[in-house]
Amino acid sequence: MVAAVNCVSPHLLSARDDAEEIAWFAVTVDSARVIEHSCSFCPGPGYELCVLGARWFIRRTSRKGTHETMRWRERTTRRLWAELFAGVAR
Ligand SMILES: [Zn+2]
């Protein structure tokens with residue numbers, strides 16, 4: 001385990017019992033630009049806020065592999081990104 005001093009990126013709060021379930025799909029393209037990402041030092045799934053052209057989505061990498069959400073506009077995707085970190089979506 002890496003020292004906590006390396007934790008400079010945000011961490012997700014634990015998902016609430018009534019958290020909205022995000023639909024995760026297999027990765028279709030690899031070349032998206034990463035805008036923000038969750039802490040990559042701590043164990044557990046890593047999340048990336050990605051953009052490809054004008055289409056935004058979230059990518060999740062865990063021991064089960066890499067998956068991503070549908071594509072939306074920036075505002076919609078940033079709202080879901082915030083909900084993910086707040087534990088009201090998972
Ligand atoms: Zn961390």
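**Core, Sheet and Helix**

Reader: Which residues make up the largest nonpolar core?
Author: The largest nonpolar core of this predicted model has 11 residues in all. Such a core is a set of buried Ala, Val, Leu, Ile, Met, Phe, Trp, Tyr and Cys residues joined through C-beta atoms within 7 Å. A residue is buried if 20 or more other C-beta atoms, placed from the backbone, lie within 10 Å of its own, exposed if 12 or fewer, and partly exposed in between. The members are Ala32, Tyr47, Leu49, Cys50, Trp56, Phe57, Ile58, Leu80, Trp81, Leu84 and Ala89.

Reader: Which elements each supply at least two residues of this core?
Author: Because the model is predicted, local features need pLDDT of at least 70 and side-chain atom pairs count only at pLDDT 80 or more, while totals for chains, interfaces and linings use all residues. Residues are numbered from 1 along each chain as its sequence is written. Elements are DSSP runs numbered from the N terminus: helices (H or I) have at least four residues, and strands (E) at least two. At least two core residues come from each of β3, β4 and α1.

Reader: In which order do the strands lie in the sheet?
Author: The protein has 5 strands and 1 helix, and from the N terminus on they run β-β-β-β-β-α. Strands pair if DSSP finds at least two bridges between them. The 5 strands form an open sheet with antiparallel pairing, and their order is β1-β5-β4-β3-β2.

Reader: Which strands stand at the edges of the sheet?
Author: An edge strand here has a single partner strand, so one side is left without a neighbour in the sheet. This applies to residues 25–26 and 33–37, which are the strands β1 and β2.

Reader: Over how many bridges do β4 and β5 pair?
Author: β4 and β5 also form a hairpin with 2 residues between them. Ser62 stands opposite Gly65 in β5, and Thr61 has Thr66 of β5 as its bridge partner. Strand β4 (residues 55–62) and strand β5 (residues 65–68) pair in the antiparallel sense, and the number of bridges is 4.

Reader: At about what angle to β4 does helix α1 run?
Author: Helix α1 covers residues 74–86 and lies across β3 (46–52) and β4. Axes are lines fitted to C-alpha atoms, for helices over the stretch in contact (C-beta atoms of two residues within 7 Å), and angles run from 0 to 180 degrees between N-to-C directions. The angle to β4 is about 30 degrees.

Reader: Is Glu83 buried, partly exposed or exposed?
Author: Glu83 lies in helix α1. Leaving aside neighbours within four places in sequence, Glu83 is in contact with Glu20, Val88 and Ala89. With 16 other C-beta atoms within 10 Å, Glu83 is partly exposed.

Reader: How far apart in space are Ser14 and Ala26, C-alpha to C-alpha?
Author: Ser14 lies in the segment before β1. Because 8 other C-beta atoms lie within 10 Å, Ser14 is exposed. Ser14 and Ala26 are 12 residues apart in sequence, and their separation in space is 24 Å.
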